[in-house]
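Welcome, and thanks for taking a look at this one. Below is a short briefing to read alongside the sequence and the 3D view.

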Amino acid sequence: MLELQKKQIHMSRSKNTVSAQVTFDEDFNIPDAKPDVGSVLLKQADAVMEELRQLSEKVIIKGRLDFEILYAVEGSGRMKNLSGALTFEENVSYPGLEPGDYVRCRTKVEDISIRVVNSRKLHISAVLGAELFAASAQLEEAARSLSGQEDIAVLGKDMEVVSLQLQKKDTFRMEDDVVVAPGKPLAQSLLWKSLSLRSMEYQAQEDKMLIQAEAALFVIYEAGQEQLPMQWMEKTISFTGELPLVGCRHEMIPSVEPVLIKKEISIHPDEDGENRIFHVEAVVELDMKLYLEEKVHLLCDAYSTTKEVDTSYKTAHLETLQMKNKAKCRITEKIPLHSTDTMLQICHSEGTVSIDRTEIVSEGIRVEGAVYVTVLYLAANDERPMQAAAGVIPLSHVIEAGGITPGSCFTISPMLEQITTMIAPGGQGEVRAVISLDTFVLSEHEISVLDQVSFTGEQIDPNDFPGMIGYIVQPGDNLWSIAKKYRMSIERIREVNQDNTKADLLNATASSMQKEGKSPEELGTKPGQKLLLVR
């Protein structure tokens, strides 16, 4: 009685990506507590997802667009900040979406314009891009062993495959205190604050994930001193922590896409009661997939030299890990600062990375996009001492991934690791940036494996086959196919032809070729080789 034992492999099948846009075109009234607006110096906006609801071939996304501006008070050299939010709800059609599919949404602010209508009103125009990704869980079965295999030959293939073990969204909280350096004025009130991720590292452990992160903090604050009314500070903050994750194991391979969804910066007093502490709280949403890579022995074929065997086959869709790496892209580019006043000093540079297009090429993955840069600088203007300029730097980079094919599945998480700007001649700023492209590539393979195998009950009559035959290897032949065709063992063919040193197939068994990573179809011979087949 023959019985196949099968290996169950959990897979995730990605579906087509669906894109949508949400547009905003609204007026925003200045709160009564805020002074009149003269001009907008700085602006920033973040898209915050609050709800994602899946229906039949449709997804409803709800959230808000948080914005903040730093503005010059009308008729004064003072600066103030203002923040607000615009809500949105969008129905997105997603053909092929099924109940139980895992759906995630990636949002980005593609464009935003904040214009002063009058001293008490702003007009906000923005475009929010949303990309929806869906994947269905699949259970792949592949034969790995055969019991009751008396007098039966089997052809196996060893393969390193990855299986999806965990898929989960969770949040990682970061908290730290940044102290104003001795000698610098105390903080009275915050005018501007920004926090952006610079790097994220993950390490799987037993029932938890170790996380190391770096973030860049920049603040402008009022010092309350007549001679030093405004100060700024920037610092890189490191965070280390653990995220509970039941079922996680140290040998698992994480693929994580982080999104900074909350950032709060506030002024706190120190032990002496002086406002020297900026308290930072941030929340990062982690879309996590954890894979297990293991060697699997697959059964691809079987036959008997004495009995008739009935076999059926199936195509197993399996994935292998082709690449997990962080590529680095370095950019140096000049952008116009458009300042009518003399620039005295660059205070701060920040930017966001947008990937607009990816393409598989012979060398790997070509990435096209842009880096949106904002430069803050001091100018020789008493009414507007701090000014800002924005620019767009093209991004083009090839991530090396040898052997990648059009059928490969990949994710790329970009992050701006470093950015600096220096004043250049001609009213320009020279921007230097380092971009990290966290890349995870899976390759899909279609492998023909045994699905069913059984004895028919009929014995093979030796008289149906010649006792001895001279055989000339034909194109497409291999050691296994010849032995199966004439109901012989591979060992018998090698024994009879041991002096045929020119025959490559005689110098290696099927198992040794599999160790070299060859598939059953590649257990080949050279057409025209002459073999003697003796039963």
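## A first look

Cysteine 105 is buried, with a relative accessible area of 17%; buried means under 20% relative accessible area, exposed over 50%, and partly exposed in between, using a 1.4 Å probe and protein chains only. This is a predicted model, in which local features need pLDDT of at least 70, side-chain atom pairs count only at pLDDT 80 or more, and totals for chains, interfaces and linings use all residues. Residues are numbered from 1 along each chain as its sequence is written, and side-chain values use heavy atoms, with hydrogens and water left out.

**Cysteines**

- The count of disulfides is zero, where a disulfide is a pair of cysteine sulfur atoms within 2.5 Å.
- For cysteine 105, the closest cysteine sulfur belongs to cysteine 409 and is 18 Å away, too far for a bond.
- Cysteine 347 is buried as well, with a relative accessible area of 4%.

**Overall build**

- The chain holds three helices and 21 strands; helices (H or I, at least four residues) and strands (E, at least two) are DSSP runs, numbered from the N terminus.
- Its radius of gyration is 32 Å, whereas a compact globule of 535 residues would have one near 24 Å. This radius is taken over C-alpha atoms, and the globule rule is 2.2 Å times the number of residues to the power 0.38.
- Along the principal axes, the C-alpha atoms fill a box of roughly 110 × 50 × 45 Å.
- Of the 535 residues in the chain, 45% are buried.
- Isoleucine 393 sits in strand S17 (residues 386-400) and is buried at 2% relative accessible area.

**Salt bridges**

- Side chains of opposite charge can pair when their charged atoms come close.
- The model has 32 salt bridges, each being a side-chain nitrogen of Lys or Arg within 4 Å of a carboxyl oxygen of Asp or Glu.
- One of them joins lysine 193 and glutamate 68, at 3.4 Å from N to O. Lysine 193 is in strand S9 (residues 189-205) and glutamate 68 in strand S4 (residues 58-73), so this pair links distant parts of the chain, 125 residues apart.
- Lysine 193 is partly exposed at 23% relative accessible area, whereas glutamate 68 is buried at 9%.
- Another salt bridge brings together arginine 487 and glutamate 308, also with an N to O distance of 3.4 Å. Arginine 487 lies in the loop between helix H1 (479-485) and helix H2 (490-496), and glutamate 308 in strand S14 (residues 307-336), so the pair ties together parts that are 179 residues apart in sequence.
- Glutamate 308 counts as partly exposed, at 26% relative accessibility.
- Arginine 432 and glutamate 430 meet in a salt bridge at 3.1 Å, N to O. Arginine 432 is partly exposed at 43% relative accessibility, while glutamate 430 is buried at 18%.
- A network of salt bridges links Arg104, Arg106, Glu131, Glu257 and Asp287.

**The second largest pocket**

- This pocket holds about 420 Å³ of space. On a 1 Å grid over the protein atoms alone, a pocket is an open set of points where a 1.4 Å probe fits, with protein on both sides within 12 Å along at least five of seven lines. Grid points are joined across faces, edges and corners, and the volume is the space filled by probe spheres set on the points.
- It is lined by 19 residues, and the closest to its centre are Asp46, Asp66, Glu68, Lys262 and Lys263; lining residues have an atom within 4 Å of a point.
- Strand S3 (37-55), S4, strand S5 (79-93), S9 and strand S12 (253-268) each supply at least two lining residues, and S12 gives the most, with six.
- By class, the lining has seven nonpolar, four polar and eight charged residues. Here Ala, Val, Leu, Ile, Met, Phe, Trp, Tyr, Cys and Pro count as nonpolar, Asp, Glu, Lys and Arg as charged, and the others, Gly among them, as polar.

**Backbone angles**

- Most residues other than glycine have a negative phi.
- Glutamate 57 is not a glycine, yet has a positive phi of about 55°. Glutamate 57 lies in the loop between S3 and S4 and is partly exposed at 40% relative accessibility.
- Arginine 487 also has a positive phi of about 55° without being a glycine.
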